[in-house]
Amino acid sequence: MAETNVAGFINDINELPKLLTELSSKQIFDNFSLNKNQLLYLVGMGSSYFAAQDAARYLRSVGYLAIAEIASAETPSSFPENTVVIAISASGNSVEVLKFVENIPENIRTIGLTRELDSKLTKIVDEVVHLPINAETGGVSIWSYRATSIALFQILEKLSIFNSVKNSCLNAAKEIKKLLDSKNQWIESFMNLTTSKDGIWLMAPAERSGSALQGALMFREGPRFLSDGCETGDWSHVDVYLTKTLDYKALIFTGSIWDQQAIDWLNNRKSAFGSIGSYNQGTIASITLEEDDILTNLLTELVVPELMAARLWEKV
């Protein structure tokens, strides 16, 4: 992957509609089956782990046994019979992923999901599934995160628990293009959320927690701006305290049944916030996105913090 650079990052953002359109016609997981009594174990680091958490949570919501584990955890000494482990690393060389896989018992089926077919990961797994993307020119994982989510949701589609990954990709490509074409109409209002020395704090529904985590990473990895992500319901238990002592500014991906609880706290503490989603709630900035399936939302909504991070990065 290229060294992180803002020019490449901006180019990668602008290429998202084309990328998603191309991915809409790709079958990343050609053949995959899973029984409800069979454990699916997804493992990765960073963006790969974020994407894995949302896919695993979706599987559990419809009765499947699925776990997302961070690869830096110790590899279990044993797994239930017939477990399938999908190890995710765009580069195929993440040292934590490699170590985790190397310690998996030999009787457990392992699949490597990676962009690089000649990587170390491909040498130590039973099967390889290729992410059909190039490395980002900006060195930030905005393509691989989306491609990983698409690949994992293709598993859901093959299990007949998700309608159409192709349609989600095409819808997201269309929505992102709209946001890119109209950014001059909304970006400045959202940049008002980045004026605090105390950073910007993101929250998202449990079902799309990856948006908060990946969105916060965009601020940290590019412009090195203080940011973190939290699940919306849990925010009222773990992050609300900061609104008393910080110049707290939040960015909310809406859609949680716990949105109003967080918003009430923010208003009570006079903390500024912006919103991205199906209704306008932000005190500083809001963007309304068409209410759609979870994958379309995951692929689309991140373009807002990505463009915000790019604007900050240009000033560094």
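Let me start with Ile155, which, once neighbours within four places in sequence are set aside, is in contact with Phe29, Phe32 and Ile86. Contact here means heavy atoms within 4.5 Å. Ile155 sits in helix H5; helices (H or I, at least four residues) and strands (E, at least two) are DSSP runs, numbered from the N terminus. At 1% relative accessibility, Ile155 counts as buried, where buried means under 20% relative accessible area, exposed over 50%, and partly exposed in between, with a 1.4 Å probe and protein chains only. Gln261 is 106 residues away from Ile155 along the chain, and their C-alpha atoms are separated by 34 Å.

A word on the source: this is a predicted model, in which local features need pLDDT of at least 70 and side-chain atom pairs count only at pLDDT 80 or more, while totals for chains, interfaces and linings use all residues. Residues are numbered from 1 along each chain as its sequence is written, and side-chain values use heavy atoms, with hydrogens and water left out.

Now Ile86. With neighbours within four places in sequence again left aside, Ile86 is in contact with Phe29, Phe32, Leu40, Tyr41, Leu42, Val43, Ile111, Leu113 and Ile155. Ile86 also belongs to the largest nonpolar core, which has 84 residues; Ile86, Leu113, Phe190 and Met308 have the most contacts inside this core. A nonpolar core is a set of buried Ala, Val, Leu, Ile, Met, Phe, Trp, Tyr and Cys residues joined through side-chain atoms within 4.5 Å. Which helix gives the most to this core? Helix H5, residues 142-158, with 10 residues. Apart from this core lies another, of 15 residues, including Val43, Phe79, Ala87 and Leu121.

Next, the sheets. Two strands pair if DSSP finds at least two bridges between them. Strand E4, residues 109-114, runs parallel to E5 and is joined to it by 4 bridges. Leu113 has Val129 in E5 as its bridge partner.

Another open sheet of 5 strands has the order E7-E6-E8-E9-E10, and the pairing is parallel. Strand E7 (227-231) and strand E10 (285-288) are at the edges with a single partner strand each, so one side of each has no neighbour in the sheet. Strand E6, residues 200-204, is joined to E7 by 5 bridges, and Ile200 stands opposite Ser227 in E7.

Two helices lie across this second group of strands. Helix H8, residues 209-221, lies across E6, E7 and strand E8 (249-253), at about 160° to E6. Axes are lines fitted to C-alpha atoms, for helices over the stretch in contact, and angles run from 0 to 180 degrees between N-to-C directions. Helix H12, residues 303-315, lies across E6, E8, strand E9 (272-277) and E10, at about 145° to E8.

Last, how does H12 meet helix H7, residues 183-191? Their axes come within 10 Å and cross at roughly 75°. That makes H7 roughly perpendicular to H12, since angles under 35 degrees count as roughly parallel, over 145 as roughly antiparallel, 65 to 115 as roughly perpendicular and the rest as oblique. Among the contact residues are Trp186 and Phe190 of H7 and Leu307 and Met308 of H12.
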